Amino acid sequence: MDRLTWSLVLTVTLLNGCMGSQSPSLHEASSTNQGSSAFDAIFSPPSPETIPGDQRGEQIRLGYQIVVRTQEYAKAYVGNALNCTNCHLDAGLDPNAASFVGLSRVYPEYRDRVGHAVSLADRINECFERNLNGKALPPDSSKLQAVVSYIEWLSQDVPTGSRIEWRGIPKIHPSRQPDPGSGKKVFTARCVFCHAADGQGGLIAPPLWGPRSYTIASGMARVSVAASFIKANMPRTRGWALSDDDAYDVAAYINSQPRPDFSGKAKDWPRGGKPPDVPY
Ligand code: HEC
Ligand code: HEC
């Protein structure tokens with residue numbers, strides 16, 4: 001990796017440190033590991049200088065590349081036009097966009113959607129299948145291990161057993177039923193500039209629907225999740241600009257558009273607990 005890329009990561013990290021304190025603290029506890037006696041961890045991604053110069057360092061750098069340039073570095077496992085960093089913004093360093101910081105402290109973890117405990121590698125593969133419309137990497141794959149190593153490195157300063165308050169996406173709630181018709185107007189006014197009128201993106205932004213976007217079994221295909229992501233992060237670099245209802249309306253519009261199916265969907269939530277806004 002070149003120095004420029006890493007200093008960019010570092011800059012972004014520092015920036016997020018400042019911005020994080022201004023944004024509302026609405027994250028809901030989502031981990032079963034986080035008991036009431038836990039103490040709050042501080043959002044503390046390590047500085048790139050702490051990447052070791054050995055083989056583990058190589059793995060960490062490769063993991064970073066896979067997250068940022070998934071299309072290039074994990075092409076065989078991707079079936080759409082997205083990269084991990086399109087949703088896990090700034091390579092997983094943005095505390096408002098399902099950050100990777102601290103995650104190696106919470107896995108393995110029981111997940112309702114699959115009905116059993118999953119490792120961090122399993123969870124990464126869920127995103128390959130559902131968000132990249134691709135396929136799972138083999139458990140012994142060095143690329144999969146590289147992403148795990150990158151997330152482990154990002155988590156190294158988060159104490160085991162602490163509460164990771166930034167985990168996930170800050171949740172918002174609508175004051176009324178979301179309206180895709182109003183959402184289309186929000187889309188035209190606030191999103192088309194980068195994502196294009198047909199939602200297919202272009203040079204500056206990724207596709208939001210159609211065969212090149214996330215599948216119906218992605219978390220992002222739930223209106224509540226997309227709305228929360230959009231509220232905190234879109235338009236890109238100008239998060240928190242939309243009202244909660246506008247974020248819900250535009251999320252309802254995007255998620256009413258066609259997108260890839262997911263063949264394993266019938267096996268989801270085998271023990272119940274399916275959220276009401278899952279579109280299948
Ligand atoms: C289309 C958007 C999208 C893409 C692309 C995507 N993800 Fe995700 N990912 C999500 C969402 C949404 C969640 C759930 C966040 C939450 O729990 O609120 C998630 C969750 C995760 C988690 C678990 C987070 C936690 O808090 O436990 C990991 C790890 C992860 N993704 C890794 C990846 C990796 C690695 C890639 C690329 C191979 C990737 N994701 C691509 C949207 C995406
Ligand atoms: C200034 C350009 C810009 C505008 C305006 C913008 N976005 Fe984005 N959007 C992006 C970029 C760039 C990414 C990918 C982020 C990255 O890789 O860092 C993205 C990612 C996304 C994603 C996750 C990835 C995907 O393709 O599904 C969603 C959902 C999204 N935008 C929705 C919206 C919505 C809804 C609006 C309007 C409220 C909007 N965006 C406005 C640039 C923009």
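Modeller: Before we start, a working definition: two residues are in contact if their C-beta atoms, placed from the backbone, lie within 7 Å. Also keep in mind that this is a predicted model.

Biologist: Fine. Which residues of H7 and H10 meet, then?

Modeller: On the H7 side you have Pro180, Ser182, Gly183, Lys184, Val186 and Phe187. Their partners in H10 are Asp246, Asp249, Val250, Ala252 and Tyr253.

Biologist: OK, zooming out. How many helices and strands does the protein have?

Modeller: There are 10 helices and two strands.

Biologist: What share of the residues is buried?

Modeller: Of the 280 residues in the protein, 41% are buried.

Biologist: And the contacts, how much of them comes from residues 24 or more positions apart?

Modeller: Counting contacts with a separation of 6 or more, such pairs account for 72%.

Biologist: Switching to ligands. Which residues are closest to ligand 1?

Modeller: Cys84, Cys87, Cys127, Gly168 and Gly219, out of 25 residues that surround ligand 1. By class, that shell has 15 nonpolar, eight polar and two charged residues.

Biologist: Which helix gives the most to the shell around ligand 1?

Modeller: Helix H5, residues 120–130, with four residues.

Biologist: And which domains does the ligand 1 shell draw on?

Modeller: Domain 1 (3–28 + 46–154) and domain 2 (180–265) each provide at least three residues.

Biologist: Now ligand 2. Which residues come nearest there?

Modeller: Cys191, Cys194, Pro206, Pro235 and Arg236, among 27 residues around ligand 2. The class count for the ligand 2 shell is 21 nonpolar, four polar and two charged.

Biologist: Which helices supply at least two residues each to the shell around ligand 2?

Modeller: H8 (192–195), H9 (223–233) and H10. That last one is the helix that packs with H7.

Notes. Residues numbered from 1 in each chain as written. Chains lettered and ligands numbered in written order. Predicted model: local features only at pLDDT ≥ 70, side-chain atom pairs only at ≥ 80, totals over all residues. Near = placed C-beta within 6 Å. Nonpolar A, V, L, I, M, F, W, Y, C, P; charged D, E, K, R; others polar. Domains from an automatic or database assignment. Axes fitted to C-alpha atoms, helices over the stretch in contact; angles between N-to-C directions. Buried ≥ 20, exposed ≤ 12 C-beta atoms within 10 Å, placed from the backbone.
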